[in-house]
Amino acid sequence: MLDLNDIIVFARVVEAGSFTAAARLLAMPKTTVSRRIAALEREVGVRLLQRTTRSLRLTDAGRLYYEESSEALRTLEQANLRLAEARAEPAGTIRISAPVGFGDHFLAAAIFDFLAAYPKTKVELRLTDDRLNLIENGIDLAFRTGILEDSTLIARKLSSTYRILCASPDYLARCGTPGRPADLTGHDCVIAGPSAANVPWVLEGADIRETVTVSGRFAANEMQAVMAAAIAGYGIAQLPHGLAEACIADGRLRRVLDDYTTPAGGLHVVYPSSQHLSPLVKAFIDLAAARLNAGNGANDDLAVISP
């Protein structure tokens, strides 16, 4: 039976260029190196090395065997490295980006759990509704909501998300309640985005999808500001269902066009590459997924999305 150690010794002899240099590299006697090479040649049934008192060279069979076996050895070494990384306790600093409202609720609790579970870690959290370039900003992972565009990031979907239409009781008392999506063109709308004029809103009902162009007096790229404007009576807003629930429950907002929502998107965690994912980042992603019960109605498939 082939002994993997004999193959390792053979590869080191080839790479070092001599039995003496290989013995020094492997920290074993030269006689042991010679004995292992001889045992390997007996096992494979061919001479791998031509050796004289002054030179050492590969035979044709030896050259082929080295090319194939050295590739296999590199694969094994990489597997051992990844296993060691997987078993290592996460340590170091992880930099996270997330939407502002999201950070106020779920994410803070997840980070505190992570810090408690892994005492050698630090977290730097950057809350912004801007979609930052992860590589340029040195961010290890980011949370993104909605429907994601195609690009080069790796994404893991944690849960599905959608937005509902809400307005304050005061606004509805002054301006009336829309009965169908087309009525939104006659209302002030609070826009989540850079412009307050001529913004297309896509709404889905039971068996229909409609696009309505809306305008208003206020726009912001930060969801808490959008929600505050809706509560203050400046118009109808599209708000994440989870964020709006508390305001609907305490009467600060009312839902309008109950039969309509935005097209379902998702809550994703994204990171620059799936290769060589550090134990630190993997541990945080797994913890976040567990907190959201990712296996219950969430899709853990990998997807490619925008930076």
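Arg-51 counts as partly exposed, because its relative accessibility is 30%, a value between the limits of 20% and 50% that separate buried from exposed residues. The model in which this residue is examined is a predicted one. Arg-51 is found in strand β1, which covers residues 49–51. Leaving out residues up to four places away in sequence, Arg-51 touches Phe-19, Ile-37, Glu-41 and Leu-56. The C-alpha atoms of Arg-51 and Ser-18 are separated by 9.3 Å, although these two residues are 33 residues apart along the chain.

**The chain as a whole**

The chain has 307 residues, of which 38% are buried. Its secondary structure comprises nine helices and 14 strands. Among contacts between residues at least 6 apart in sequence, 74% join residues at least 24 apart. The chain exposes about 16600 Å², and carbon and sulfur atoms supply 50% of that area.

Leu-107 is found in helix α5 (residues 100–117), and it counts as buried because its relative accessibility is 0%.

**The six-stranded sheet**

In what order do the strands of the open sheet stand? The order of the six strands is β9-β10-β8-β11-β7-β12, and their pairing is mixed. Strands β9 (199–204) and β12 (254–255) stand at the edges with a single partner strand each, so one side of each is left without a neighbour in the sheet. Strands of a sheet pair through backbone hydrogen bonds, either parallel or antiparallel.

| Strand pair | Sense | Number of bridges |
|---|---|---|
| β7 and β11 | antiparallel | four bridges |
| β8 and β11 | parallel | two bridges |
| β8 and β10 | parallel | four bridges |

In β10, Ala-220 is the bridge partner of Ala-192.

Why is strand β11 described as largely enclosed by the rest of the structure? Strand β11 spans residues 236–240, and four of these five residues are buried, so the strand is largely enclosed.

**Helix α7 and its surroundings**

Helix α7 covers residues 223–231, and its buried residues are Met-223, Val-226, Met-227, Ala-229 and Ala-230. Seen down the axis of α7, these buried residues fall within an arc of 160°, so they line one face of the helix. After α7 comes Gly-233, whose phi is positive, near 95°.

Ser-168 lies in the loop between β7 and α6. With 2% relative accessibility, Ser-168 counts as buried.

**The cysteines**

How many disulfides does the chain contain? The count comes to zero disulfides. The sulfur of Cys-247 is 8.2 Å from the closest cysteine sulfur, in Cys-166, which is too far for a bond, because a disulfide requires two cysteine sulfur atoms within 2.5 Å. Cys-247 counts as buried at 2% relative accessibility, whereas Cys-175 counts as partly exposed at 38%.

**Confidence in the model**

The mean pLDDT of the chain is 82, and 86% of its residues reach 70 or more. Confidence is highest in helix α6 (residues 169–175), at a mean of 96, and lowest in strand β14 (residues 302–305), at 46. Over residues 294–307 the pLDDT is below 50, and this stretch has 46 contacts in the model beyond near neighbours in sequence. Where pLDDT is low, the predicted coordinates should not be read in detail.

Conventions. Residues numbered from 1 in each chain as written. Predicted model: local features only at pLDDT ≥ 70, side-chain atom pairs only at ≥ 80, totals over all residues. Heavy atoms only, no water. Buried < 20%, exposed > 50% of the residue type's maximum accessible area, 1.4 Å probe, protein only. Contact = heavy atoms within 4.5 Å. Areas by Shrake-Rupley, 256 points an atom, 1.4 Å probe, with all protein chains shown as cover. Pairing = 2+ DSSP bridges. Arc of directions from axis to C-beta. pLDDT = per-residue confidence, 0-100.
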